[in-house]
Structures are given as C-alpha cells and as structure tokens.
Amino acid sequence: MYEFLKYSSENGIARMTLSRADAYNSLNDGITFEIQDVIKKVAKDQDVRVLIISGEGKAFCAGQDLKESSKQEKKSFSESLHKRYNPIIKGIRNMPKPVICQLNGVAAGAGCSLALVCDIIVASDKSYLMEVFVNIGLVLDSGSSYFLPRLVGYTKAFEWSTMSTKVSAEEAEKWGIVTKVVPAEELESSVNEYAEHYAKAPTKAIGLMKKMLNKSYGSSLDDMLEYEAWCQEIAGGSDDYKEGVQAFLDKRKPEFKGK
C-alpha cells in the first residue's frame, strides 16, 4: 500500500514503520505524504486505540533527505514545511489517541521533532537525539522550537540547538524528554507493554486529557478549570465511564471500548 513505510493494525494497535533503512529513514517528499495519510487514517479509525511510530534498521529518522532536496533547483522552505512537515506535527499532536515513539536509533533534525511530538517515547539505550539544523545553516523547524524549551528550559534548548549537541537516551530521560530507556533487545517488548495498556484503556478520556495538557501551555488556571469542567462533562457521558463505575461496583477489571 505504501512505498516508503510499513503500516499494520491489529487488536487496537496501529504500527507505522519508516522503511528507508538505506537512507536512515530520512524524509523525502513521498514518505512525508505517506505519513500524513497514515495519521489521518488512524485518527478516523475507531478500532485503532494507539499508534506506534518506529524506524527500520539502525535509525529512527535522520530528518530531511538532503541528497534529494539538493537536486531541487528552486525550493521554498516555507512551502515545504507547510505542505509536508507541519501537517504531520499537527496531526500527531491533535490526534485524540496516544502516539508512542519507538526510538531505536538516531533521531535528527525533523526526525527529532517527529520523536518529540509523540506522547510516549520509549528509547533504546543505543539511541540519541540531535538538532542538526545549525550544521547546514538552518533553524529549528517541525515544532522543535516549541517542544524543546518546554521540555528542558531555554538554556539547554539553546545549547542543544545551536551546538547540535548529541543527546544520549540516558540524558534525554534525565531531562524528561524520553519516557523510558531500555536495553536495545527489550525495546519492542517495552513498547508493546505501553501499546497493550492503551489498547484497553478509555480512549475518549485519554484523548481529552491529551487536549487538556496541550491547552495548558498557553492558558491560565481559570481557563483550565473551565476547560476541565467542559471535558469532564464529555467524559462523564461516555460508555467507558459507565463501564468503569460498574466494574468498580462489581469488583472486576473494566472492559473499556474507547467510546
């Protein structure tokens, strides 16, 4: 179905694997549009409860494919971002379902942004992140200027982005960028544990909490109190809420349907 990535969906878990291993899963025009298509598909599919994003081979994603872009004589960076990258970042951030990054190797440039936008990052102890834009005279894009200072503060964000610092998985975990670091051979099983949890979780409530946490960045306490009340009204009318309460009364585990 896709030329540059692999996609599958089973038991509520969707998996998207960037499949340009020979190019360290760098992003050409084709793969960015395929990623957009998957994101739209997952967002609409009510049977999907969680999405895993991973990379094939040694890398997660090395960012923009510079070999391909260097062949383009006339190129608008702004147009490329608006058409290719920004829809990916917005689509993942606005998706009402959890998105897990399976960080198996290097995540650089826009590939780093692709990792940072995910809700959960499970990283191999052999993986690392780099903001490499400065190495070719460019600035942060694909949301990195938004995520980095919020995750690590201004000074570290400035250092890492302007010096193209190589940030190991262990350091990223220390700074709160990465959710969990595991040995490389345990990466897939650790990601699956998260995915299986979310595949059985109250998806509607989790989607609402994702919106709440995103909104909190630019909101006051009063704003959030009002938004919490609005979201709680929605969650309280869900089938999952009824099931959760009944399961509590019956002293059993709830069987959430994500609705």
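Which residues does Val-99 touch, not counting residues up to four places away in sequence? They are Leu-51, Ile-53, Ile-92, Cys-118, Asp-119, Ile-120 and Lys-210, where contact means heavy atoms within 4.5 Å.

This is a predicted model, in which local features need pLDDT of at least 70 and side-chain atom pairs count only at pLDDT 80 or more, while totals for chains, interfaces and linings use all residues. Residues are numbered from 1 along each chain as its sequence is written, and side-chain values use heavy atoms, with hydrogens and water left out.

**Val-99**

Val-99 sits in strand E4 (residues 99-103); helices (H or I, at least four residues) and strands (E, at least two) are DSSP runs, numbered from the N terminus. Val-99 is buried, with a relative accessible area of 0%; buried means under 20% relative accessible area, exposed over 50% and partly exposed in between (1.4 Å probe, protein chains only). Between the C-alpha atoms of Val-99 and Ser-80, 19 residues apart along the chain, the separation is 24 Å.

**Pockets and cavities**

Here is how the spaces are defined. On a 1 Å grid over the protein atoms alone, a cavity is a set of points where a 1.4 Å probe fits but cannot get out, and a pocket is an open set with protein on both sides within 12 Å along at least five of seven lines; lining residues have an atom within 4 Å of a point. Points are joined across faces, edges and corners, and a volume is the space filled by probe spheres set on the points.

| Space | Volume |
|---|---|
| Largest pocket | about 650 Å³ |
| Second largest pocket | about 470 Å³ |
| Largest cavity | about 80 Å³ |
| Second largest cavity | about 60 Å³ |

The largest pocket has 28 lining residues, with Gly-63, Gln-64, Asp-65, Leu-66 and Ile-136 nearest its centre. Helix H2 (66-69) and helix H3 (77-94) are the elements that give two or more residues to this lining.

For the second largest pocket, 21 residues form the lining, and Arg-93, Cys-118, Asp-119, Ile-120 and Leu-213 lie nearest its centre. Strand E6 (120-124), helix H5 (144-152) and helix H9 (203-216) each supply at least two lining residues, and H9 has the largest share, six residues.

The largest cavity is lined by residues including Cys-112, Met-130, Trp-160 and Ile-177. Around the second largest cavity are Leu-27, Ile-35, Tyr-85, Ile-88, Ile-89, Ala-110, Leu-114 and Ser-142, and H3 gives the largest share of that lining, three residues.
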